[in-house]
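Please examine the sequence and the model shown here.

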Amino acid sequence: MRLFAIDLDGTLLHSTHIISERNVSAVKRCQENGDIVVIATGRAAFDAAHLLRLHQLDCPIIGSNGAELRAEHEGKTIRKNTYVSSDGSEAILNCLLKQDVYLHIYVEDEILMTYDATDQLMKQIKEEQRTKPSFQADEFIKSVQPQLTQYGVRKVTDFSDVDLAKVMKFMIVSPKAAVLKRIENDLSSRNCTVTSSGSFNLEITANGSDKGMALQQFAERLEISLTATIAIGDNHNDLPMFRVAGNSIAMGNAEDAVKRQATEETGHHDNDGVATALETFCSIQVVQKGVQDGKY
């Protein structure tokens, strides 16, 4: 038995945010062969579950960059949340609010954002276009589309009523690289984990909470050796699971820095690179039938 940990955006998902027929078939064939496929994503677990349902897939989920674990194993439900401490959440929130960035707060069953967050982001995009002519607004919006269109978002007037003891992740988006770098530097001295799933976002979880730690804990629950684990991903938030997995596979669309830390490389996410990897490691063959219509 092997354990495959597969990222979603930029990996299992095409750039149109759907899972192709070939990728769906490859995952199901691996499961039929007795292997376990866990989805390891920066998305909230309920968001990932919604997306999987649209494509008739049933997989355990490592969500919120490792802060959530949702699985069924031997008739038992595994449900684990890792929260940022109350004091830590308050300090992080204050830091982010000072920078006036587009912000999502992940709690157990919903994602919170303010009513004016999108309008403020659009203003920042226009300002960046005005002050930096080389800035490509269309490319920016395309790259952050997964963060702007998440399932389960609830809008609030402000974050004053958030239970800071129940925060699993903060996610921010900004078109300004200097702002993101400043926040990353400000948070480096705090007791938290800071990573990113793209050039224009940062994701903050509890200290030590990442995909690698969650994959390690899940493998232990299943009594599967880490040498029998295979991680597939494309971005910096996937590197912690690359470091603990027996084998790591970088997508063809991954940055060179990510590819250098992988043991293998597969095709582009728009060319079913996950299916190619699974067909190789699972010794399965599936027929490419085109792309499904499911969207989230």
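The model is a predicted one.

The description begins with two packed helices. Two packed helices are described by the angle between their axes and the distance between the axes. Helix 2, residues 21-32, and helix 12, residues 273-281, have axes that come within 8 Å and cross at roughly 30°. Because angles under 35 degrees count as roughly parallel, helix 2 is roughly parallel to helix 12. The crossing of helix 2 and helix 12 is left-handed. On the side of helix 2, the contact is made by R22, N23, A26, V27 and C30; helix 12 contributes V274, A275, T276, L278 and E279. Sorted by class, the contact of helix 2 with helix 12 comprises six nonpolar, two polar and two charged residues.

Helix 3 may be considered next. The buried residues are A45, F46, D47, A48, H50, L51 and L52. After helix 3 comes Q56, which has a positive phi, near 55°.

Most residues other than glycine have a negative phi, and most peptide bonds are trans. D100 is a residue other than glycine with a positive phi, near 55°. D100 is placed in the loop between helix 4 (86-98) and strand 6 (102-106), and D100 counts as partly exposed because its relative accessibility is 43%. E223, also not a glycine, has a positive phi near 60°. The loop that holds E223 runs between helix 9 (211-222) and strand 12 (229-233). With a relative accessible area of 75%, E223 is exposed.

T205 is buried because its relative accessible area, 2%, falls under the 20% cut-off. The side chain of T205 reaches the backbone oxygen of S209 at 2.7 Å. Apart from neighbours within four places in sequence, T205 is in contact with S64, N65, V84, M168, K169, C192 and T193.

L202 is likewise buried, at a relative accessible area of 4%. When neighbours within four places in sequence are set aside, the contacts of L202 are F170, M171, I172, L180, I183, E184, V194, T195 and S196. L202 and G246 are 44 residues apart along the chain, and their C-alpha atoms are separated by 27 Å. S196, one of the contacts of L202, belongs to the loop between strand 10 (192-195) and strand 11. S196 has a relative accessible area of 12% and is therefore buried. Beyond four places in sequence, S196 is in contact with N201, L202, E203, N235, H236 and N237.

T118 lies in helix 5, residues 117-131. Its relative accessibility is 33%, so T118 counts as partly exposed. Leaving aside neighbours within four places in sequence, T118 is in contact with Y102 and M113. The C-alpha atoms of T118 and L103 are separated by 9.4 Å, and these two residues are 15 residues apart along the chain.

K166 is located in the loop between strand 8 (153-156) and strand 9 (169-173). With 40% relative accessibility, K166 counts as partly exposed. Which residues does K166 touch, not counting those up to four places away in sequence? K166 touches Y83, Y106, V107 and E108. From K166 to S225 the C-alpha separation is 32 Å, and the two residues are 59 residues apart in sequence.

How values were computed: Residues are numbered from 1 along each chain as its sequence is written. This is a predicted model: local features need pLDDT of at least 70, side-chain atom pairs count only at pLDDT 80 or more; totals for chains, interfaces and linings use all residues. Side-chain values use heavy atoms; hydrogens and water are left out. Axes are lines fitted to C-alpha atoms, for helices over the stretch in contact, and angles run from 0 to 180 degrees between N-to-C directions. Helices (H or I, at least four residues) and strands (E, at least two) are DSSP runs, numbered from the N terminus. Angles under 35 degrees count as roughly parallel, over 145 as roughly antiparallel, 65 to 115 as roughly perpendicular and the rest as oblique. A crossing is left-handed if the near helix is turned anticlockwise from the far one by less than a right angle, and right-handed if clockwise. Contact means heavy atoms within 4.5 Å. Ala, Val, Leu, Ile, Met, Phe, Trp, Tyr, Cys and Pro count as nonpolar, Asp, Glu, Lys and Arg as charged, and the others, Gly among them, as polar. Buried means under 20% relative accessible area, exposed over 50%, partly exposed in between (1.4 Å probe, protein chains only). A polar contact is a pair of N or O atoms within 3.5 Å; within protein, one must be able to donate a hydrogen and the other to accept it, and residues adjacent in sequence count only if both atoms are side-chain atoms.
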